[in-house]
Amino acid sequence: MKKLNAKRVKRHMLRTSEFWQLDEKFLVISPDKKLCTLTGMESLPESDTGYLGYAYLDDTLRVAFLGFCNEEDETYKFFDSDQVLVAQASMLPTLLVRIVKPTEELEKHPFVQGVLEFHESDALRRSTLALRQIDHLRDPLRPAILKAVWIKDEVELEKTYNESVEQFLEVLVAAYEQAEKDGIRARDVEVEGEPGPLPVDAMSVEFVRITDFVPANNGTWRAVLLDNIPGTNKKKKGDDVAVSLVTTTFEEDGQNYSMLFIELDAPVEDTKISVASFKPSRLPWRIAYTLACSVCDFKDTYYLGRSGEDRLMFKEIIEEIRRGRIDPLIAIDLVQRDDCEIDFSRELYRCRSCGTLDVKRRVRLITKEHTLSAMYYCLECGERMSHVKRGHIASLDCPQCREQLKPVEEALWDGVNPH
Ligand SMILES: [Zn+2]
Ligand SMILES: [Zn+2]
């Protein structure tokens with residue numbers, strides 16, 4: 001049995017967990033005799049200690065049984081056979097599971113590798129799964145299916161309303177002119193028939209299911225219709241449509257509420273990506289820091305900053321973007337905006353949980369309005385890593401024994417490829 005190197009595992013009921021809490025996570029599944037009696041699960045070997053599972057989204061949320069697990073001493077062992085049993089999460093009995101963050105060691109499993117490669121190839125469609133504000137519009141079992149609204153005659157109603165406003169303004173102007181001639185003060189002029197807001201019941205609203213909801217160029221979204229829209233034949237089931245994502249803030253409680261609207265007359269935009277390399281006014285310092293522990297044998301050198309390999313690194317980052325290895329929110333911006341620049345620099349990261357130190361490329365997306373930093377996860381325990389600012393490098397803890405590390409050398413580096 002191997003040690004399950006997970007520092008923080010949380011208990012969840014599989015049934016009540018949201019797909020995004022479980023997707024691409026490992027599970028410690030308590031032993032349950034019922035599991036082996038489920039249809040298709042007869043070949044699952046019995047276990048008194050529990051199973052190691054892997055949850056992932058593939059249309060529906062699935063759980064793959066990869067091996068045995070012992071919750072008590074936090075150890076696991078993959079099954080000997082290559083055959084992996086997969087069950088739909090919704091078909092499993094009510095299970096208490098512990099969620100284990102993915103680590104490099106666990107992700108080496110060939111089945112998991114296959115899932116991750118498939119997910120990367122589907123990165124654009126998966127990017128919108130990260131938008132928590134539209135979770136309430138998702139099908140509970142198949143999260144990629146969303147409910148969108150189509151408002152019949154919206155354009156027509158708006159036109160009628162605008163016309164009535166114009167008419168009213170004309171009448172008003174005429175009344176003011178008359179009042180001036182008659183010597184009446186402007187504020188005493190009374191004009192009837194002020195147009196009110198659009199009556200809600202005048203709008204015919206249809207709810208339609210959509211899928212393949214993705215970001216598109218020029219700040220738009222697009223999707224594929226899963227239903228015909230009652231009352232129009234401009235678009236049919238299976239057609240691409242433009243979709244707008246509208247978020248309203250309610251004044252009473254300050255809560256945000258998001259809706260998806262189908263825009264039948266708007267062009268369906270492309271999903272191509274255009275990006276440039278950010279040109280910093282001053283490059284980050286190119287320094288190799290050597291840190292050592294005075295208590296244990298820990299000693300390592302971290303090559304930080306940028307060297308003359310910028311073009312190569314930018315190319316590598318673009319390759320990764322094309323392969324789908326990218327934060328979903330960065331992917332959305334890259335598609336929707338044409339002012340995206342990518343900045344990068346080798347920087348030191350520290351795991352918030354186990355203290356592991358690692359050099360990452362610190363990829364940042366820079367637009368005119370905001371900056372998004374890529375997130376990095378610890379290869380040892382799966383937790384988020386934090387960027388260590390240069391000024392804090394001299395006061396880091398030893399990842400092995402937690403004593404304070406001593407900076408033993410700082411040197412400029414150049415021309416080496418410190419992989
Ligand atoms: Zn140490
Ligand atoms: Zn860690």
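**Figure 1. Salt bridges across the predicted model.** Count them up and the structure holds 26 salt bridges, a salt bridge here being a side-chain nitrogen of Lys or Arg within 4 Å of a carboxyl oxygen of Asp or Glu. This is a predicted model, so local features need pLDDT of at least 70 and side-chain atom pairs count only at pLDDT 80 or more, while totals for chains, interfaces and linings use all residues; side-chain values use heavy atoms, with hydrogens and water left out. Residues are numbered from 1 along each chain as its sequence is written, and chains are lettered from A and ligands numbered from 1 in the order in which they are written.

**Figure 2. Close-up of R132 and D135.** These two form a salt bridge, with 2.6 Å between the closest N and O atoms. R132 comes out as partly exposed, at 31% relative accessibility. For reference, buried means under 20% relative accessible area, exposed over 50%, and partly exposed in between (1.4 Å probe, protein chains only).

**Figure 3. Close-up of K234 and D265.** Here the closest N and O atoms of the salt bridge are 2.8 Å apart. K234 sits in the loop between β11 (220–225) and β12 (240–249), and D265 in the loop between β13 (256–263) and β14 (276–277), so the pair ties together parts that are 31 residues apart in sequence. Strands (E, at least two residues) and helices (H or I, at least four) are DSSP runs, numbered from the N terminus. Both K234 and D265 are exposed.

**Figure 4. Close-up of R361 and E316.** This salt bridge has its closest N and O atoms 2.7 Å apart. It links distant parts of the chain: E316 belongs to helix α6 (residues 310–323), R361 to the loop between β19 (357–360) and β20 (364–366), and the two are 45 residues apart. R361 counts as buried at 18% relative accessibility, whereas E316 is partly exposed at 31%. Elsewhere, R337, D339, K368 and E369 are joined into one network by salt bridges that share partners.

**Figure 5. The site of the zinc ion (ligand 1).** C293, C296, C398 and C401 coordinate this ion through their SG atoms at 2.2 to 2.3 Å. Donors are N, O and S atoms within 2.8 Å of the metal (3.2 Å for Na, K and Ca); water is not among the atoms, so sites may look incomplete. The angles among the 4 donor atoms run from 99 to 119 degrees, making the site tetrahedral (four donors with all angles between 85 and 135 degrees). Along the chain, the donors follow the spacing C-x2-C-x101-C-x2-C. C296, in the loop between β15 (287–292) and β16 (299–304), and C398, in the loop between β22 and β23 (406–412), are 102 residues apart. C296 is partly exposed at 23% relative accessibility, but C398 is buried at 1%.

**Figure 6. The site of the zinc ion (ligand 2).** The SG atoms of C351, C354, C378 and C381 coordinate this ion at 2.3 to 2.4 Å. This site is tetrahedral too, with angles of 98 to 117 degrees among its 4 donor atoms. The donor spacing in sequence reads C-x2-C-x23-C-x2-C. C351 lies in strand β18 (residues 347–351) and C381 in the loop between β21 (371–373) and β22 (385–387), so the pair ties together parts that are 30 residues apart in sequence. C351 and C381 are both buried.

**Figure 7. The sheet containing β18.** Three strands make an open antiparallel sheet in the order β19-β18-β22; strands pair if DSSP finds at least two bridges between them. β19 and β22 are at the edges, each with a single partner strand, so one side of each has no neighbour in the sheet. β18 and β19 pair over 4 bridges, and L348 has V359 in β19 as its bridge partner.

Methods
Tetrahedral: all angles 85-135°; square planar, octahedral: opposite > 155°, others 65-115°.
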